[in-house]
Amino acid sequence: MWCRYGWSRSTRFFGPHTAVRGGLLTWRLGRAEHLSEMWRAGRVLRVRLVSRGAARLCSSNPPNTSPSSKSPPRVQAEKQRRRREREQAILSSQHSSAEDKPVKWTEKQRILYTAPTLPGTKKDTSLPFPTSYSPEYVESSWYQWWEKEGFFSPEQHERLPHAVDRTFSLCIPPPNVTGTLHLGHALTVAVEDALVRRKRMQGYRVLWVPGCDHAGIATQTVVERRLLREEGKHRHDFTREEFLQQVWKWKNDKGEEIYRQLRSLGASLDWSRACFTMDPCFSRAVTEAFVKLCDLGLIYRSEGLVNWSCALESAISDIEVDSKELSGPTMLSVPGYENKVEFGTMFTFAYPIDNHDEEVMVSTTRPETMLGDVAIAVHPDDPRYQAVNGKQCRHPFTNRLLPIITDSMVDMELGTGAVKVTPAHDHSDFLLSQRHSLPRLTVIRGDGTMTPPCGQWLEGVKRFDARQFVVDALVERKLFRGKKSHAMTLPICSRSGDIIEPLLKKQWFVRCDQMAKKAVQAVEDGQLQIIPDFYTKTWKTWLSNISDWCISRQLWWGHQIPAYQVELPNCTDTKEERWVWGRSEDEARQRAAIRYGVRPEAVTLTQDPDVLDTWFSSGLFPFAMLGWPEQTTDLQHYYPISILETGNDLIFFWVARMVMLGTELTGQLPFKQVLFHSLVRDNHGRKMSKSLGNVIDPLDVIHGVSLERLQEKVMEGNLDPREQLVAIEAQRKDFPKGIPQCGTDALRFALCSHKMQGEDISLSVSQVLSCRHFCNKMWQTLRFTLGVLGHITAPVASLEETTPLSSMDRWICSRLYSTVLQCEQAFEAYELHTVTSALYSFWVHSLCDVYMEHVKPVLVQDEGAVVQPDTEGSDSTRHVATSVLYHCVSVSLALLSPFMPFITEELWQRLQPFRHGAASQTSLSLQPYPCSSQLAHWHFPEEESAFLLIQEVIRTARSLRAQCGMTKDKPAMWAVCSPSQAQVLLHFGSAVWTLSRTSCLHIYCPQGSDNLHSTPPPEGSLIGVVDHSCQLHLHVQSGVNVEKQILQLSQRRDKLVPKLKEILCKVQSPNFLTKVPAHVRQKVDHKMSALQQELKTIEDQLKMLQENQTTE
């Protein structure tokens, strides 16, 4: 909350022109009781709002931005507490959890692609297949070929055999041209490219537009620092045109870095349509938008308080304001000051009442602003001030009289109940000044020095130097009443590190209320869908309480506001401002002539030197990038864009403004869906931020980087010493050996494997490294597959012609069908983590761990020699198995292609010589995306269901082998089971023998079965429990380590006993039979029976082993 001329612990910022004291807009949301508690906690004098209406006192003036853009004070305090705890954990010598431990890795062999390949030509995949996966080898040359061939252009759609007459378009959230991408950007790219590549493979006409934002303040700051460092010159040493030339030179030299990163990430963007917000076409769109909104009365000029950076001499937006928590007196560095400045102190002084021997005491954290006091406010019902109501205080330095006014907004229960009123430097006081027609006296200039009304003794003095001068003068006049520690939140400019100063400025504002209502209605009517749905409440709350938007910025770099101040001939009224706007100066001149009834040549125009807020131009991106206001072909084909995908932190700053501006300027919503993803945090749960030094460059994950280089980057930044220490220590803990080379595909797959629509993503390099291991798994799968295909004589049958014969062929084919179906459903719901999980599970657990292990004996002999066909039947079986393997791999690569474009292209191209009629220039990125209808003839649900038992049997058998320490021996195995289970075991008999590594499988049904004539298992066999009706008996003749077996069984028993107790507690609870559904009770009963059976078996085995041990 805004304390008396400072920010207390609960300060909140709501816009480029607002820092609201007392949680003003929180009251507008009906949270008065919560705010009252915060005031009491603050223990400082301030204005009290008593109703929702009070917050609307000046609705015609530029109000404050929404409350939803910042957290409530208590939430902010909790965030600060957690941040301190995280920092302390980082600086401590111990790791707080197993997850915090550094990832262990060894440097892998780097294999390079060395074949002579001209840029843009297709990579040679006829070279020998490397023995292991290497990202550098795989990712070489493919992107240049894709780009040169125009695969990312919507125009290639006409050449697709499977093209459909549907369009999918979107834009990348334009990153700042000043910087480099971080993992948050990489998440955006990974998600959007997955959606784009799938739609392109589905035959859609796809347009994905790249772009960069000119980033007014950030870019100008970077260039100014460079000029000062290299040439010793400031911005004002140049003319505006000369300085802008320097900025363009810097942009042309450095601006391609982001595009290079996007290409490295494999983003399939249409580079021929790349868009920069300062391009001539885009600038015309910005001018058109401003003029049109002015004509509609939606942009107006008004005087209001803004968040001002004295270092930049510009208003800044709330996204560029950081909050720094102070628990008490704190010395901080401030730009432009040699010595540190103290904050976190409350000063109290007295105003003498004119012609009376009395005084009124007030408190402030910014005594320098008392030169701008114009009144003292008290509550009309406060008995302490009944006698002085209407009297005046004498200002000790200016001799100005300050009226004592009454206002019900004052909280008489706080402090002395008297509030000093400084309308030109305090937002709540600004409201009071409007109610009471008080003057507004500016005492701090835009450069942070004191103004002439302060007197010669302070004029030109820096504001924080003036603070001490004022305190000393108060002491000298015996008006100083003391100072004390005061907890507060200090607003700081994220670009310059300067302390934000609220200043009264005439600015241009966008009137938002009616546009916001339309945006809310669009969601309520279902015209605009927000995903995930829980953001709809946030959307409505924020837009229902939105304030007008200050779009003026006092910069040189950006879109100069196309508004002109008019000077008329023989006009003596210099106080009144006359403004016109136009698409050009000539148009503005004509407008002025018509408005003021003079000849055009008699009009003198001066263009507003300010530029527009960067978010204004960014808000036009979905249609300006397509050529608006011209009715271009792109605009007609691709607008509105299909979806807007971005981080959830931009819901207000960008997304809401795009919806408002797009609807107003084009008559249509700019997009039909908004998909928000969560924020990426570091391994310690901290948001990745340059100000924390924990930003990770995705290229460092892709190519690998040493710890030394990581720490050099931190040192190169402009961090606070403590934050620098924390950042370096976090790197030392997380990456003691640096970051390993993981590759683009692994990074993208890891990012998409997190649930986007929920909690924030804590991405660790170990997760990315595990995805690199998955890449190697894919690589080795292809080595095996190519080895099998290399020995076949007949071509592989097409997918449609391949009919699986064996039970295992039918099972893997059906698993592939189910995986494709799961991917379809998850893609439509934008649940990419479900897609990646399904694909990983199929490739690793079904294809590699089960099917390939089963077919190896069928397809190859020792040393990899292909089995020669003995009979016609066996030859047919092998041929079908080969075709099934080929299509499982090929289809899986297509499914994975949107997430892992490089490795899937490399491996798919290696398969093409075995595919009938493959074109030499074909890319996987343009192949049809697998669909469930294509694989309907491969759907065998009964095989999938039955194989669940087989997997449990194999797991139990391997566990028994491990207990015995078996490696090569293949003992006989008995399955004691029900008749129905016996049929399943017979159906998949070969899989059980092969995968459980047993010599033979005997099936025994105690209940009897007409088709089975097996004998019971021999005595002394090792027993494993599959479920309550199935046991395995492993006949072990010799070589068993009895002590090890007893230990393993005892450990297993110790794990099962607590689980059984837990289930028994549930079953025996009084509500189990009445409140638990029948199907759930049935599952619990089965689980309980299986646990009881397994425990009984373990006890029997332990008894037998211990008896044998005693006998021996």
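**Sheet and helix packing in a predicted model**

In strand S35, the bridge partner of Ala 975 is Ile 1003. The model is predicted, so local features require pLDDT of at least 70 and side-chain atom pairs count only at pLDDT 80 or more, while totals for chains, interfaces and linings use all residues. Residues are numbered from 1 along each chain as its sequence is written, and side-chain values use heavy atoms, with hydrogens and water left out.

Strands here are DSSP runs of E with at least two residues, and helices are runs of H or I with at least four, numbered from the N terminus. Two strands pair if DSSP finds at least two bridges between them.

S34 and S35 belong to an open sheet of four strands in the order S35-S34-S37-S36, with mixed pairing. Its edge strands, each pairing on one side only, are S35 (1000–1004) and S36 (1022–1027). From one strand to the next, the twist averages 25°. In a regular strand, side chains alternate between the two faces of the sheet.

Helices also meet this sheet. Helix H29 (residues 941–964) lies across S34, S36 and strand S37 (1030–1034), and runs at about 155° to S36. Helix H30 (residues 979–987) packs on the sheet and touches S34, S35, S36 and S37, its direction making about 160° with that of S35. Contact means heavy atoms within 4.5 Å; axes are lines fitted to C-alpha atoms, for helices over the stretch in contact, and angles run from 0 to 180 degrees between N-to-C directions.

Helix H6 (residues 183–201) and helix H25 (residues 807–828) pack at an angle of about 120°, with their axes 12 Å apart. That angle makes H6 oblique to H25, a class left after under 35 degrees (roughly parallel), over 145 (roughly antiparallel) and 65 to 115 (roughly perpendicular). The contact is made by Ala 194, Leu 195 and Arg 198 of H6 and by Glu 824, Phe 827 and Glu 828 of H25.
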